[in-house]
Structure formats: C-alpha cells, structure tokens
Amino acid sequence: APASLPKYGAHFDLPMAIALLVISGQLPQEALKSTLLAGELALDGSLRAIPGAITHAAVAVSGAIQTVILPAQSAEQAALVDNVTVLAATSLKDVFRHLINEQPLRTQTTAIVTEQAAETSVIDDIRGQDQAKRALTIAAAGRHNILLSGPPGAGKTMLAKALVDILPPLSRSEVIEVTKLHSLAGENYASAITSRPFRSPHHSSSHIALVGGGTSPRPGQISLAHRGVLFLDELPEYNRQALESLRQPLEDKSISIARANESVSFPADFMLVATRNPCPCGYASDPEHECSCRPHAIEQYQKKLSGPLLDRIDMTITISRVDPTTLLRVTTSHDQTRHAKEQIATALIRQRRRFNTDNQTNANLSSKDIERLAYLEPAARTLMERAGHNLKLSARSYFKIIKVARTIADIEDSDVILGSHLSEALQYRARNNV
C-alpha cells in the first residue's frame, strides 16, 4: 500500500506466503509482531537471495521494527545494519517453524574487515612520470577529479589504475553506503563491499548506463563508483550526451532520476579519473611522432569535451612518453608507494579534524567554507588575484584552484596556504584554460 505505488522484485514472495498462512489460520497474527520479511521462494519452498537486503534492514530500523527475516544468502549483508536482529532462513518451512516457536532461526552477525590494497608496487612499477605520480597523490588526498592527457603508450591508463593502490580504506559508514548501492543494482546480494569501487565503463556506454535509470530506476556507474573512482579511458570517445550527464552529479554528489510515476535519488560522490589523447591519432603533442590529423579534425576532436565539463575537473596533467633508458631501469624499491600513502594519511588526518567527519574532503569545500578554512597568506592571495585576471578563470575554476592548494598545504602539514602551494595548484589548472 498504496496500490498506486509501483512494486518490483521477487522479495514479496515470502511475506505473501506468510500472509496466506495467517489468513488460513495456520499461523497466529501475533507471531509477526515487529517483524519484517523478504525473500524469493523457489518451487520447492527454499529461499533465494534477493537484491537490497541491507536496505530492507535499514527500513526496518527506520520503522522501529526489531526483527528482519531474510534468505540465508542475503542475511550477512543485512547484518551490517545496527539496532536490528537479522535472522537467516533457508526455506519457508524454517520460517514457519520459527514463528510457531518450534525451532528458532539462526541470528546472523557480520564483522566488517575493511580491505586495503596490499603493499604492492603499482606506482613504483611505473617508470618515470614523477609529476603525474605527485598529482595522483594530491588528487587522492583531497578526492579531486583529475584528467591525464598525453600520447598513446605514455602510461595514462596505468597511472589511473595505480590510484586505487594509494587510496585509503573505506570507513564502516562508507562500507554500508557502498554495499547498499551494489545490492540495489543486483551486483552483490550476499557480502559487504569492503574495498573502494573502481568502475571503468566502456566508451560505448549510454548516458542511462552511466547515471542510472530504466523502467525501474537502478543505480548507474556513477553511483556504483560512490566513495570510489569512476575511470573514463579516452574521454572524448564517449557519447556527448553521456558526458554532459556527468555535470550535475559532479557538483551535487548525487543524481536524481525522474520518471512519470516516481522519482528517485542515488548518491554519486565519486572521484572522476579520465584520460585523453590530444588528437584522433594521439601524437599532436609528441615531438618524436608526426601527427597525421588535419587541423579541423584536431579541433573537432577537442570540442567533444565541453567547457562546462572541463571546468568541473580540478586537475589536468600533461604526460609525455618516457625515455627508453628510464623504462629499462630496474628498481625494487617501494619508496614512492609508501611515501604517497604517508602524505595522503597526513592530509586526511587534517581534513578529519577540519570537517569532524570521515566522509568530507577538500574537494567538497563550498565557497563559504573556503573563506573560513582555506586561508591564503598575503603573497598567495596576490598571486591568486593575478592568476584570476590573466587566465580569465571562471568562479568555479577560481575556487577549485584554492581547494587543490588547500590539499597541497595539508600534505605539507601547513595550516596556511602558501604561495608555493598555490603555484603548484595553478600548474594543474592552467592547462584547462589553454
């Protein structure tokens, strides 16, 4: 109820079967007091896993319902929610015997063990590209969107994937948020998602695949990347409509999907990491390869990325091909990975103290927050004003530079944004205005 509300999914099987038992007098109504049931029934009466089990448990808590009965395959995920008892059942008969106090169901428990990438040498295995590695460290520390631009074979994709290695582990609250979304999308019915998502949709993906939707709205790739990374390789190859649909969630950190009969909102607080070539052949900026593209083709290729979309990307890094001598250099040191993680940890500690939460970073600073929390020393303020005039920065670009500078200051364990911090932040932003 109400009857006009659309209903989807097989999780109504179990409650309807129990309702029939109550109506037929085989089960007392009192047995269902403060109990929520959900599960799909097979023809033999066994229970099957259902999507959104953790959401059912959360709904029970919001409705002051004390007990949730779910299929055993989905119960572990639902047990992530506090203040509710989750019971695991394997069949309709098990549920019936529990409700008549003949044989109690097993209480499900879950212990969250957040996963962090092992101490690998993904970043150290990348030869050269020290400036790009520094930029990735800054982006990870403040959760800033980043665009890697350069010719084919320069290491853009490898650098983007190496970012996962240095990201901090999910907090308990983030584990619950991410697990809910993946469960609703039907990607994970049983266990908790304990590592940061890394979503890499193909460039042929539609805008619905990216933002979500459908007849029965489901989370898209941007929501499945919530609290993690959305990686778009070769950004200009994506459908223009799909790219433009990213503009609103990049700002609001959520996506609202409206249909004729309903409207839903999904969180989408993701870190965008994208790559692109400078032209269709990829060698427009390479001094050692001749570009085969006509000027008009290069112009049209670059126009695939609109100004408003680029304006929402905090950092742009131009990457060149690595010298062959550097590629052959063998190293067994993990110093770069370790150093990057230490810098990120330092920055995150300062941000937790600043925002008094684990879920907010410098990338989410509002213009009002910047006045209070991103103090620029006089020399840095003068530099920022001069850059705003010379580069003709938009208001959004202006504040994004300060946000990145705030993260660099956090990495350096500085309360004040210095001129050196701002100068480095400008290097990562100015390329969007060329």
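Q: How do you know how confident the predictor is in the protein as a whole?
A: This is a predicted model, and pLDDT gives the predictor's confidence on a scale from 0 to 100. The protein averages a pLDDT of 89. A score of at least 70 is reached by 94% of the residues.

Q: What makes residues 115-120 a stretch to treat with care?
A: Their pLDDT stays under 50. Where pLDDT is low, the predicted coordinates should not be read in detail.

Q: Why is Asn-101 called exposed?
A: Exposed means over 50% relative accessible area. Asn-101 has 72% relative accessibility, so Asn-101 counts as exposed.

Q: What makes the backbone of Asn-101 worth a look, and where is Asn-101?
A: Asn-101 has a positive phi of about 60 degrees, although it is not a glycine. Asn-101 sits in the loop between helix H4 (92-99) and strand E6 (106-107).

Q: What is the phi of Glu-234, and where is Glu-234 placed?
A: Glu-234 is not a glycine, yet its phi is positive, at about 55 degrees. The loop between strand E11 (229-232) and helix H10 (240-244) holds Glu-234.

Q: How much of the protein is called buried?
A: Buried means under 20% relative accessible area. Of the 434 residues in the protein, 49% are buried.

Q: What makes a group of residues a nonpolar core?
A: The members must be buried nonpolar residues, joined through side-chain atoms within 4.5 Å. The largest nonpolar core here has 51 residues. Ile-146, Leu-163, Val-273, Met-315, Ile-317, Leu-422 and Tyr-428 touch the most other members. In soluble globular proteins, nonpolar side chains tend to be buried together.

Q: Which residues are in contact with Val-273, leaving aside neighbours within four places in sequence?
A: Contact means heavy atoms within 4.5 Å. Val-273 is in contact with Ile-146, Ala-160, Leu-163, Val-229, Leu-230, Phe-231 and Leu-232.

Q: How do you know what share of the contacts joins residues 24 or more positions apart?
A: Take the contacts with a separation of 6 or more. Residues 24 or more positions apart account for 72% of them.

Note on methods
Residues numbered from 1 in each chain as written. Predicted model: local features only at pLDDT ≥ 70, side-chain atom pairs only at ≥ 80, totals over all residues. Heavy atoms only, no water. Buried < 20%, exposed > 50% of the residue type's maximum accessible area, 1.4 Å probe, protein only. Helix = DSSP H or I, 4+ residues; strand = E, 2+ residues; numbered from the N terminus.
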